[in-house]
Amino acid sequence: MAKYAYGKDYHEVIRSKLKQLLVQMREHIGEIEGRGFVDSAPVLERSWAVRSGLGWVGKNGNLLHKQAGSFFFIATLIVDLELEYDVPFAGDYCGSCRKCIDACPTSAISENKVVDGSQCISYFTIELKDLLIPEDMKGKFRDWLFGCDTCQDVCPWNRFSTPATETAFAPIPAILHFKTAEWEDLTEESFKEIFRHSALKRARYSGIRRNLNFIAPEPPPIS
């Protein structure tokens, strides 16, 4: 599972924080209108983040920050308030590095920061609603059940990343040490109970079963 999926659903956690921030802004500034977005609307958060001075977009399509790498979430709060803007981030520090390109299991990352989302493991294991994953992907997922961190794991800038201090993102105890047999025996009722506050519910029980079957090793031939 992708690292972000071990704790509570980041959509719920960060959306709540954005609402708190808006309340605090109203308390200190006055009556303003606003709406928060957490990967939940056609808001170009990475582009706005770059223009806000938060970093640059790496070859793997993620926002990169010199002191934090890419293991963080981006949220947007749009308000009807005149603001003093930060200086846009200047610079791209990926250089000639192509570790993410070379490491991508499905070759979804190509040159010039082009990422083919339709070839990404995260797309197949989360967004794809079809009952079957294309057979030409067989053997390329390794053991990724939900999402994929490969391009971030190999990124040199993530040596500066640090563990989150938000307790909501701490791994859910019930899934931290799940073994293969427990995944295979998981019922829909148990899935709904264990993952009711997890991002895994986006893939639904049927999607997780499909993914599990897809990455399962082929049985040895009968001699």
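A residue is called buried when its relative accessible area is under 20%, exposed when that area is over 50%, and partly exposed in between. These terms are applied below to a predicted model of the protein.

The secondary structure of the predicted model comes to nine helices and six strands. The C-alpha atoms fill a box of roughly 75 × 45 × 30 Å along the principal axes. The protein has 223 residues, of which 35% count as buried. Among contacts with a separation of 6 or more, 68% are accounted for by residues 24 or more positions apart.

Helix H9 comprises residues 204-215, 12 residues in total. From its first C-alpha to its last, helix H9 reaches 17 Å, which is close to the 16 Å expected at 1.5 Å a residue. The buried residues of helix H9 are Tyr-205, Gly-207, Ile-208, Arg-210, Asn-211, Leu-212 and Phe-214. These buried residues pack against helix H4 (121-127), helix H7 (180-185) and helix H8 (188-194).

One of the buried residues of H9, Ile-208, is also touched by Phe-146. Phe-146 is found in the loop between H4 and H5. With a relative accessible area of 0%, Phe-146 is buried. When residues up to four places away in sequence are not counted, Phe-146 touches Met-1, Ala-2, Tyr-4, Ala-5, Thr-125, Ile-126, Ala-199, Leu-200, Ala-203 and Ile-208. Phe-146 and Leu-128 are 18 residues apart along the chain, and 11 Å separates their C-alpha atoms.

Asn-158 has its place in the loop between H5 and helix H6 (173-176). Leaving aside neighbours within four places in sequence, the contacts of Asn-158 are with Ala-68, Gly-69, Ser-70, Phe-71 and Gln-152.

Charged side chains were examined next. The protein has 27 positive and 30 negative side chains, and the centres of the two sets lie 2 Å apart. A search of the whole structure finds 12 salt bridges. A network of salt bridges links Lys-3, Asp-149 and Asp-153.

Asp-92 and Lys-113 form a salt bridge in which the closest N and O atoms are 2.4 Å apart. Asp-92 lies in the loop between strand S4 (76-79) and helix H3 (99-103), whereas Lys-113 lies in the loop between S5 and S6, so the pair ties together parts that are 21 residues apart in sequence. Both partners count as partly exposed, Asp-92 at 38% relative accessibility and Lys-113 at 36%.

Arg-98 takes part in two of the salt bridges described here, one with Asp-102 and one with Glu-111. In the salt bridge with Asp-102, the closest N and O atoms are 3.0 Å apart. Arg-98 is partly exposed, with a relative accessible area of 34%, and Asp-102 is exposed, with a relative accessible area of 53%. In the salt bridge between Arg-98 and Glu-111, the closest N and O atoms are 2.4 Å apart. Arg-98 lies in the loop between S4 and H3 and Glu-111 in the loop between S5 and S6, so this pair ties together parts that are 13 residues apart in sequence. Glu-111 is partly exposed, with a relative accessible area of 41%.

Most residues other than glycine have a negative phi. In Lys-113, a residue other than glycine, phi is positive and near 60°. This residue is found in the loop between strand S5 (109-110) and strand S6 (114-115). Arg-142 is likewise not a glycine, and its phi is positive at about 55°. Arg-142 lies in the loop between H4 and helix H5 (150-153). With a relative accessible area of 52%, Arg-142 is exposed, whereas Lys-113 counts as partly exposed at 36% relative accessibility.

Conventions
Residues are numbered from 1 along each chain as its sequence is written. This is a predicted model: local features need pLDDT of at least 70, side-chain atom pairs count only at pLDDT 80 or more; totals for chains, interfaces and linings use all residues. Side-chain values use heavy atoms; hydrogens and water are left out. Helices (H or I, at least four residues) and strands (E, at least two) are DSSP runs, numbered from the N terminus. The expected span of a helix is 1.5 Å times one less than its number of residues. Buried means under 20% relative accessible area, exposed over 50%, partly exposed in between (1.4 Å probe, protein chains only). Contact means heavy atoms within 4.5 Å. Lys and Arg count as positive and Asp and Glu as negative; His and the chain ends are not counted. The place of a charge is taken as NZ of Lys, CZ of Arg, CG of Asp or CD of Glu. A salt bridge is a side-chain nitrogen of Lys or Arg within 4 Å of a carboxyl oxygen of Asp or Glu.
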